[in-house]
Amino acid sequence: MDLFESLTVKIANKNYKIVFPEGTEPRIIGAAARLNADRVLKPILLGNEADIHQIASAKGFNLAGITIIDPATYPSEGFAAMVTAFVERRKGKATEEQAQTILKDPNYFGTMLVYMDLADGMVSGAVHSTGDTVRPALQIIKTKPGVHRTSGAFIMQRGRDNERYLFSDCAININPNAQELAEIAVESAKTAELFDIDPKVALLSFSTMGSARGDEVTKVQEATKIAHELAPDLAIDGELQFDAAYVPVVANQKAPDSKVAGQATVFVFPELQSGNIGYKIAQRFGNFEAIGPILQGLNKPISDLSRGSNEEDVYKLAIITAAQALQTT
């Protein structure tokens, strides 16, 4: 079954509500109209209602049945409750007056809808930067217990046979330490399972099982030990070079005793630079479709679009976000 067919089946009849803070963006409106027409989930568009309908009409999008919320005219009673909840969540880092200003930002407003269980997830980033999308999530939704940082994974998919892998972290953490890298590995395994990938997790390096030395190698070795402690039942191994992780013949030569080498499905990069380069090489040279970034480790799903994304990207990431809600509801 195709990935998105599988995910759609999983979220069928759940009536998940996904909020889109960039409600006047045509790509967002088009995707929301499709999601609503396909009865996949229930979109919530944020923005001026007249502006949204004008854009939809000009583009031929049908918004019948879609919820539109204008933060500027949100009922005072509801906004007051949101302000109170925000101040409590920020634990003295924001006054009520400051909260009233902050919550005019659509990303903060949308994130609060998720936090207050008025929506099940949020998709933003078509217009806003990653920082603008992720910052409210970290301040309000926050990371799961035992997870110190969120991370960004990509589903790498190719061909009719649904060849599928997960690459992580390719979007968020510039240089995670061993503890953070171990947590990324464990969260990546959970993400893989959600997307029908049997998780065999390889922590990547330029060294395989001590073939080279250096601080970068030591970090991955320590991360592997910590990951085993955090999730002893998961198939996690490292440090592994990519060829040892992926190619059975090479694995037999370099890591013959590994239960992951040569059959890895989840590839955890040691830092952002190599992860970002790696997924783009696979995308451009290997003709893989790169789906994401999928934010991992949050208490509730918040997803960050690329500003170069198209309507189809928005549609797919919304489905992924709703699927992530299965792990948090």
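Select serine 151 and, leaving aside neighbours within four places in sequence, show what is in contact with it (heavy atoms within 4.5 Å): Ser168, Asp169, Ile172, Asn173, Ile184, Ile294, Leu295 and Gln296. The model is predicted, so local features need pLDDT of at least 70 and side-chain atom pairs pLDDT 80 or more, while totals for chains, interfaces and linings use all residues. Residues are numbered from 1 along each chain as its sequence is written, and side-chain values use heavy atoms, with hydrogens and water left out.

**Stop 1: strand β5**

Serine 151 is found in β5. Strands (E, at least two residues) and helices (H or I, at least four) are DSSP runs, numbered from the N terminus. Is serine 151 buried or exposed? Serine 151 is buried, at a relative accessible area of 1%. Buried means under 20% relative accessible area, exposed over 50%, and partly exposed in between, with a 1.4 Å probe and protein chains only.

Now select all of β5, residues 151-158, together with β10. The two pair in the antiparallel sense over 6 bridges; pairing requires at least two DSSP bridges between the strands. Pick methionine 156 and look across to β10: its bridge partner is alanine 290.

**Stop 2**

**Stop 2: helix α8**

Within α8, pick valine 186. Valine 186 is buried, with a relative accessible area of 9%. Not counting residues up to four places away in sequence, valine 186 touches Ala227, Leu230, Ala231, Leu234 and Ile236. Draw a C-alpha to C-alpha distance from valine 186 to isoleucine 226: 9.9 Å, across 40 residues of sequence.

**Stop 3: aspartate 304**

Go to β11, residues 302-304, and select aspartate 304. Aspartate 304 is buried, with a relative accessible area of 3%. What does its side chain meet? There is a polar contact with the side chain of threonine 130, at 2.6 Å. Such a contact is a pair of N or O atoms within 3.5 Å; within protein, one must be able to donate a hydrogen and the other to accept it, and residues adjacent in sequence count only if both atoms are side-chain atoms.

Beyond residues up to four places away in sequence, aspartate 304 touches several others, including Ser124, Gly125, Pro293 and Leu317. Proline 293 is 11 residues from aspartate 304 in sequence and 6.6 Å away in space, C-alpha to C-alpha.

**Stop 5**

Show β1 and β2, which run parallel and are joined by 4 bridges. Isoleucine 18 has proline 43 in β2 as its bridge partner. Parallel β4 (residues 121-124) is joined to β1 by 2 bridges. Valine 19 has methionine 122 in β4 as its bridge partner.

Finish on α2, residues 26-37. Its buried residues include Arg27, Ile28 and Leu35. The buried residues of α2 pack against β1 (17-20), β2 (42-46), α3 (49-59) and α13 (311-324). Just after α2, arginine 39 takes a positive phi of about 55 degrees.

Conventions:
Expected span 1.5 Å × (residues − 1).
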